[in-house]
Amino acid sequence: MDIERAKKAVKAKTNAGERQIALVREACAMIDESEGERMTLAEIAGALDVSPWHLQRLFKRTMGVSPRDYNDARRSAAFREQLKQGESIAQATYGAGYGSSSRVYERAERLLGMTPASYAKGGKGAEIAYDVVASPLGRLLVAATAKGLCFLSLGNDEEALIAELEQEFPKAESITRDRHSIAQSVAVVIDFLEGKTPNAELPLDVQATAFQRRVWQELIAIPCGETRSYSEIAESLGVPKGQRAVGRACATNPVSLVIPCHRALRENGELGGYRWGLDRKAVLLTKEAERAE
C-alpha cells in the first residue's frame, strides 16, 4: 500500500513538473511572438491564467532568467543581428522593438557591452588598444576600449594571439598596439598571475546575454582558492539542469582571468575544459589553492 501511494506521489509530481514546463514554454512563445514589443509580467500571467508571482518563480527556475530578462535578451539579439546585416542604428532600433534610439543608448552597455556604433558590423567604430607581454602562463594579450577590457588571451605564439583579436573585431575602427594606454590593465593582470592579488579587478567592455552575465557574476563571486562545479553554479542560478549552459557561458568568456572561469570544474572534480588549455587551468588552480593556504 505504501509503495502504491509512493508511486502515485511520484507520478503526480512528474505530471506537475511537466505542466510547469509547458506553462513556461507558453510564456516564452508569447514573448517570442510579440516581436520585441514589451509585455508586462501581469499581461503574460493574465493570458495564461496564473498569478504573476507564480509565473515569475517558475520562469526563473526553469529558464534561469526572469520573463523581463528573457524579453530583453530576445530584443537585444534581434538588434545585434540587424546591425550585423547592415541595417542602420535607427532601422535596427525600431526593427527590434525599441521605442526610440535613446532607449538603446541608455542600455547599450548592458545589451551590447559597447555602444551600438561600435558593435555594428563586427565592431565597426571601436577603437581598441592592446599589448602582448610575457607572463607566468606564456604570452599574454590584453586589449581594451576606452570603456574597459574587451579581450584577453593566453598562448605561445604572439602573432596567433594578435590574429585572434583581429578576428574577434574584424571591422573595428582601429586595433593598435599601444603599451602606454594599456599598461595599467596589463599590470593588474600580471599582478594576478604572479599571485600578488587574489583577483584581477578591471572595468569590462564585453558583450553578454542576461544569462551569461549571471554566470559570470557567479564566477567572479567564487573566492580565490575555491572552485565550484558547473552543476553548483547552475543550482545557484535556479537552473538545476543547466550545467551545459553554464559550461557554454564559461567557454564564451572573452576576458578569462578577470572573469575567473578556471574556477569552474566538472561534478567529479575533473578540470573540464579551458579555452587556453588545461595545463594553464591546472597551474592557476594550484597556485590559488596554495595562496589560500
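Visitor: Buried means under 20% relative accessible area, exposed over 50% and partly exposed in between, with a 1.4 Å probe and protein chains only; is Cys-28 buried or exposed?

Guide: Cys-28 is buried, because its relative accessibility is 9%. This is a predicted model, in which local features need pLDDT of at least 70 and side-chain atom pairs count only at pLDDT 80 or more, while totals for chains, interfaces and linings use all residues. Residues are numbered from 1 along each chain as its sequence is written, and side-chain values use heavy atoms, with hydrogens and water left out.

Visitor: And how many disulfides are there?

Guide: There are zero disulfides in the structure, a disulfide being a pair of cysteine sulfur atoms within 2.5 Å.

Visitor: What is Leu-219 in contact with?

Guide: Setting aside neighbours within four places in sequence, Leu-219 is in contact (heavy atoms within 4.5 Å) with Ile-233, Cys-250, Ile-259, Pro-260, Cys-261 and Ala-264.

Visitor: New topic: Ala-292, buried or exposed?

Guide: Ala-292 counts as exposed, because its relative accessibility is 51%. It belongs to helix H14, residues 278-292, where helices are DSSP runs of H or I with at least four residues, numbered from the N terminus.

Visitor: What does Ala-292 touch?

Guide: Not counting residues up to four places away in sequence, Ala-292 touches Cys-224 and Gly-225. Ala-292 and Cys-224 are 68 residues apart in sequence, yet their C-alpha atoms are 6.9 Å apart in space.

Conventions:
Helices (H or I, at least four residues) and strands (E, at least two) are DSSP runs, numbered from the N terminus.
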